[in-house]
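Dear colleague,

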Amino acid sequence: MRTQFAALSINMLQVLHAVLTTRNLSHAAEKLNSSQPQLSRQLAQLREAFGDPLLVRHGREYVLSPRGQEIILPLEKLINELKELSQKPEFEPLLCSRCFRFASSDYVAEHMLPQLVDYLQTVAPKVSVEYFTWKPNDYPLLANAELDLATTMIKEAPSGLRGRILGEDVPVCVMSARHVLAGKALEAKDYASWRHVRVSGGGDKDSFIDRELKEYGIYRQVALTVPFFSAAMEVVSSSNLLVTIPKHIAIMMAGKYNVTWCSIDFVKESHRYWMIWHERTHMAPEHKWFRNVVREIVAGSNFGITKYNSSNM
């Protein structure tokens, strides 16, 4: 392959196409919003690149060389294909048939996933969702395409990920309604004197509490770690174990289980809810659409952090 040919730009291919199809440098220059002298220089470069005259003067007109005639159709096809590559495809939810992999907590699965599925069945009936329980530090799953989207609790979106803040909350301590601490203002020593349940699914809800307790020289004991809020509530409601979860979830759980909750004012850190995705999918039309759908479902849910933040402003 000639070095000059390999170095041809898309713009030069468009010039060649205009010259070959009009067979007139003036008309080609007008079509390209260029000048005849500039096109003459570009035609000389093209002739050198192809090793062929391409266009030959015959009296007052130009005629194509056999090589020039031969490349018109392939050249036109190539230019059209390049144009298609440069154009963003229009996304039609009704025609989309891909599977989106979404991760969050069992709380989101129970209270918001049904709304998401109902919406998709109406707007995008061919779309499917594979749902996973998100665990702290599952970020590589977003990078290697095992997940498309997650909602979790983190301070900031990690490097390489995109994100959007959904809301903020504070941690509270949940216990059986019959617990001896029920209704009391909890001090750090009271909090640490009882054994705890840790909910691991959906994000890191309480490891920062251990760091803050350490500053007081106090340590707590975790008796049980489970991935689900529902399992934690079943255990806590029938035992003397404590569990620390976001306040808006505690309020909902107190209406469903025989539990109550207390503020833990000695803890200064709060929960920040994020929706996160990888940089590789940031501009993909189908991903942008799915992210917006999930965000709207979360924002509109009576069980979500957005509504809770709105009602407590």
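This is a predicted model: local features need pLDDT of at least 70, side-chain atom pairs count only at pLDDT 80 or more; totals for chains, interfaces and linings use all residues.

Residues are numbered from 1 along each chain as its sequence is written, and side-chain values use heavy atoms, with hydrogens and water left out.

**Domains**

The domain assignment gives domain 1 (4-86), domain 2 (93-165 + 275-307) and domain 3 (171-263); such bounds come from an automatic or database domain assignment. The centres of domain 1 and domain 2, taken over C-alpha atoms, are separated by 48 Å.

**The five-stranded sheet**

Helices (H or I, at least four residues) and strands (E, at least two) are DSSP runs, numbered from the N terminus, and two strands pair if DSSP finds at least two bridges between them. On that basis, five strands form an open sheet with mixed pairing, in the order β9-β8-β10-β7-β11. Because β9 (222-226) and β11 (259-263) stand at the edges with a single partner strand each, one side of each is left without a neighbour in the sheet. From one strand to the next the twist averages 35 degrees, where axes are lines fitted to C-alpha atoms (for helices over the stretch in contact) and angles run from 0 to 180 degrees between N-to-C directions.

Within this sheet, β7 (residues 171-176) and β10 (residues 242-246) pair in the antiparallel sense over four bridges, and V172 stands opposite I245 in β10. Helix α11 (residues 229-237) packs on the sheet, touching β7, β8 (196-199), β9, β10 and β11, and its direction makes about 140 degrees with that of β10; contact here means heavy atoms within 4.5 Å.

**The hairpin of β1 and β2**

Strand β1 (residues 55-58) and β2 pair in the antiparallel sense over four bridges, with E61 in β2 as the bridge partner of H58. The two strands form a hairpin with two residues between them, and G59 in the turn has a positive phi of about 70 degrees. Buried means under 20% relative accessible area, exposed over 50%, and partly exposed in between (1.4 Å probe, protein chains only).

In helix α7 (residues 113-123), L113, L116 and L120 are buried. Seen down the axis of α7, its buried residues fall within an arc of 55 degrees, so they line one face of the helix; the arc is that of the directions from the helix axis to the C-beta atoms. The face turned away from the buried side of α7 carries the exposed residues Q121 and T122, and what covers the buried residues includes β3 (99-104), α6 (106-111), β4 (128-133) and α13 (285-300).

In helix α10 (residues 207-215), the buried residues are F208, I209, E212 and L213. They fall within an arc of 140 degrees when seen down the axis of α10, so they line one face of the helix. Their cover includes β7, α9 (188-192), β10 and β12, and just after α10, G217 takes a positive phi of about 75 degrees.

**Cysteines**

A search of the whole structure finds zero disulfides, a disulfide being a pair of cysteine sulfur atoms within 2.5 Å. C99 is in no disulfide, as the nearest cysteine sulfur, that of C96, is 10 Å away, and C99 counts as partly exposed at 24% relative accessibility. The sulfur of C173 is 6.5 Å from the closest cysteine sulfur, in C262, which is too far for a bond, and C173 counts as buried at 0% relative accessibility.

**Single residues**

H271 has its place in strand β12 (residues 271-278) and counts as buried at 2% relative accessibility. Leaving aside its neighbours within four places in sequence, H271 is in contact with several residues, including M153, D204, F208 and I245.

L54, in the loop between α4 (36-50) and β1, has a phi near 65 degrees, a positive value in a residue other than glycine, and is buried with a relative accessible area of 0%.
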